[in-house]
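Please read these notes beside the model.

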Amino acid sequence: MKTAAVTHVGLVKDQNQDRFLIKEFSGDSVLIAVADGAGGTPAGLEASGVVIERLNDFQPDSQTPEAHLVGLMQEADQRIFAAVEKEPDLKGMGSTLTAAFIKGEAIFWVHVGDSRLYLFRGDELTQITEDDTMAGFLLAEGEITREESRVHPGRNFLFDFIGSGEFEEETGSFTLHKDDLLLLTTDGLHDRVSEEKLVSLLRSNSELHKKLNSLVSIALK
């Protein structure tokens with residue numbers, strides 16, 4: 001199993017509120033995650049940091065990995081919500097989260113917000129998670145296409161995030177096949193790079209880190 005990660009502040013904002021986690025365990029298992037601060041203030045960086053910090057306490061021997069991950073998400077939610085209650089000016093502070101625990105051929109994932117988990121199998125790219133946004137809702141209802149959702153003005157309106165005091169997570173599991181690729185992204189990437197371009201780059205024979213750097217370069221352009 002190979003893992004790689006890259007993050008970039010972009011060309012518009014002066015602060016990068018994205019955080020990622022790659023935590024390897026014995027027994028061919030690893031926890032990977034991305035979190036993106038919400039709220040439009042510097043507090044978003046603190047929120048995504050709290051989420052990743054809680055995930056660091058994940059126990060790989062848990063008999064119910066999804067439930068364990070959800071429990072850590074809830075702990076992060078309460079910490080962030082308590083901070084907002086103390087300082088009302090922080091209202092809206094929160095974070096997305098998409099996390100996956102891979103153990104052998106099994107993957108267990110959790111999600112809230114508009115970060116994403118993709119599966120690239122063969123030449124087919126499948127978005128596993130659903131965006132908790134207005135655009136995501138319209139896409140699920142068949143009102144807009146996937147490409148339209150990428151530029152829809154409601155793509156940045158979050159319905160759900162960690163820090164709201166109560167969120168509804170998405171969870172799931174499936175079996176990995178040989179040569180599968182998992183891609184976790186935040187909106188800074190998938191709002192700016194078409195799925196056609198994602199497939200083209202993931203299909204290439206480049207090393208994993210080179211694929212990611214190419215994706216970021218395209219997003220910046």
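**Notes on the predicted model**

1. Arg-79 and Glu-53 form a salt bridge, their closest N and O atoms being 4.0 Å apart. A salt bridge here is a side-chain nitrogen of Lys or Arg within 4 Å of a carboxyl oxygen of Asp or Glu. Arg-79 sits in helix H2 and Glu-53 in helix H1, so the pair ties together parts 26 residues apart in sequence. Helices (H or I, at least four residues) and strands (E, at least two) are DSSP runs, numbered from the N terminus. Arg-79 is partly exposed at 44% relative accessibility. Buried means under 20% relative accessible area, exposed over 50%, partly exposed in between (1.4 Å probe, protein chains only).

2. On conventions: this is a predicted model, where local features need pLDDT of at least 70, side-chain atom pairs count only at pLDDT 80 or more, and totals for chains, interfaces and linings use all residues. Residues are numbered from 1 along each chain as its sequence is written, and side-chain values use heavy atoms, with hydrogens and water left out.

3. The salt-bridge count is nine. Arg-121 pairs with Asp-180, the closest N and O atoms being 2.7 Å apart. Arg-121 lies in strand E6 and Asp-180 in the loop between E8 and E9, so parts 59 residues apart in sequence are tied together. Asp-180 counts as buried at 16% relative accessibility, whereas Arg-121 is partly exposed at 29%. Arg-54, Asp-57 and Glu-75 are linked in a network of salt bridges.

4. Glu-195 forms a salt bridge with Arg-146, with closest N and O atoms 3.6 Å apart. Glu-195 belongs to helix H6 and Arg-146 to helix H4, so this pair joins parts 49 residues apart in sequence. Glu-195 is one of the buried residues of H6 (195–203), along with Leu-198, Val-199, Leu-201 and Leu-202. Arg-146 is partly exposed at 34% relative accessibility.

5. Which residues make up the aromatic cluster? Phe-25, Phe-58 and Phe-101 form it. Rings of Phe, Tyr and Trp (its six-membered ring) pair if their centres lie within 6.5 Å; planes under 30 degrees apart count as stacked, over 60 as edge-to-face and the rest as tilted. Phe-25 and Phe-101 have ring centres 6.2 Å apart and planes at 75°, so they are edge-to-face. Phe-25 is in strand E1 and Phe-101 in strand E4, 76 residues apart. Phe-58 and Phe-101 make a tilted pair, 4.8 Å centre to centre with 55° between the planes. Phe-58 is buried, with a relative accessible area of 2%, and Phe-101 is buried at 0%.

6. The largest nonpolar core has 29 residues; Leu-31, Leu-55, Met-73, Leu-97 and Ile-162 touch the most other members. A core is a set of buried Ala, Val, Leu, Ile, Met, Phe, Trp, Tyr and Cys residues joined through side-chain atoms within 4.5 Å. H2 supplies the largest share of this core, seven residues. Another core, of 13 residues, lies apart from it and includes Tyr-118, Leu-189, Val-193 and Leu-198.

7. Met-134, Phe-137, Phe-157 and Phe-159 make a nonpolar surface patch of about 400 Å². Patches are made of residues with over 30% relative accessible area and no salt bridge: like charges are joined within 9 Å, nonpolar side chains (Val, Leu, Ile, Met, Phe, Trp, Tyr) within 5 Å. Accessible areas come from the Shrake-Rupley method with a 1.4 Å probe; for residues, only the protein chains shown count as cover. Phe-159 lies in the loop between helix H4 and strand E8.
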